[in-house]
Amino acid sequence: MDPHDIHVQDIHVARSGYVELTKINDGHDGNLCVLEQHRDVPFEVKRIYYINNLENCVSIRGKHAHHELEQVIFCINGSFVLKLDDGETQQEILMYRDHVGVVLGRLLWHEMHSFSTGCVLLIAASDYYDESDYIRSYDDFLQCARDH
Ligand code: TYD
């Protein structure tokens, strides 16, 4: 069995889970992956953003949670490690399948690191960008998660 198989790596943290997109394999002509709001992700998608040009060894992204925003994060090229923390449980997930995303629910601290060469992240979000929805202090996050 492939030790990196997603089914081996169950998600234990709260407010998360896998999202598996339809993937159409066109052989030598590549793959086509489809994300439809409500059908594939459990919310209306108001914003999409992507992250590229990472310096694999040193880059770290995330290090925050959100009060209300829900997101699904994908690794559409290469691989990286996604660290999740719901305030009680932490885990790291190897992200390497272009059609398998992970839900970043509200009040879920997340960090991304160990990016491979050419890694590209794509994120679907439930709302427009709003800095006031961010929790950027880990202590504040723990307090919010406890009060949740
Ligand atoms: P941030 O969400 O902290 O990035 P990451 O979680 O990937 O490390 O955002 C980095 C910067 O980009 C921050 O200054 C806010 C800005 N930003 C926008 O202006 N609009 C957006 O939609 C996002 C996601 C970020």
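The model is predicted. C144 is partly exposed, at a relative accessible area of 24%. The structure contains zero disulfides and six salt bridges, and its largest pocket has a volume of about 160 Å³.

**Cysteines**

- The sulfur of C75 has its closest cysteine sulfur in C119, at 3.9 Å, which is too far for a bond.
- A disulfide would require the two sulfur atoms to lie within 2.5 Å.
- C75 is buried, with 1% relative accessible area, whereas C144 is partly exposed, with 24%.

**Salt bridge between D98 and K23**

- D98 pairs with K23 in a salt bridge whose closest N and O atoms are 2.9 Å apart.
- K23 belongs to strand β2 (residues 22–25), while D98 sits in the loop between β8 (90–95) and β9 (100–104), so this pair ties together parts that are 75 residues apart in sequence.
- K23 is partly exposed, its relative accessibility being 36%.

**Salt bridge between E36 and R39**

- A salt bridge joins the side chains of E36 and R39, with an N to O distance of 3.1 Å.
- E36 is partly exposed, at 34% relative accessible area.
- R39 is exposed, at 69% relative accessible area.

**Salt bridge between E111 and K63**

- E111 and K63 form a salt bridge in which the closest N and O atoms are 3.7 Å apart.
- Because E111 lies in strand β10 (residues 109–113) and K63 in strand β5 (residues 61–66), the pair ties together parts that are 48 residues apart in sequence.
- E111 counts as buried, with 14% relative accessibility, whereas K63 counts as partly exposed, with 42%.

**Largest pocket**

- The volume of the largest pocket is about 160 Å³.
- The pocket is lined by 14 residues, of which Y49, I51, R61, H64 and Y134 are the closest to its centre.
- Two or more lining residues come from each of the elements β4 (47–51), β5, β6 (71–77) and β10.
- By class, the lining comprises seven nonpolar, four polar and three charged residues.
- Strands β5 and β10, which contribute to this lining, also hold K63 and E111 respectively, the two partners of a salt bridge.

Technical notes: Residues numbered from 1 in each chain as written. Predicted model: local features only at pLDDT ≥ 70, side-chain atom pairs only at ≥ 80, totals over all residues. Heavy atoms only, no water. Buried < 20%, exposed > 50% of the residue type's maximum accessible area, 1.4 Å probe, protein only. Salt bridge = Lys/Arg side-chain N within 4 Å of Asp/Glu carboxyl O. Helix = DSSP H or I, 4+ residues; strand = E, 2+ residues; numbered from the N terminus. 1 Å grid on protein atoms, 1.4 Å probe; cavity = no way out; pocket = protein on both sides within 12 Å on 5 of 7 lines; lining within 4 Å. Points joined across faces, edges and corners; volume = space filled by probe spheres on them. Nonpolar A, V, L, I, M, F, W, Y, C, P; charged D, E, K, R; others polar.
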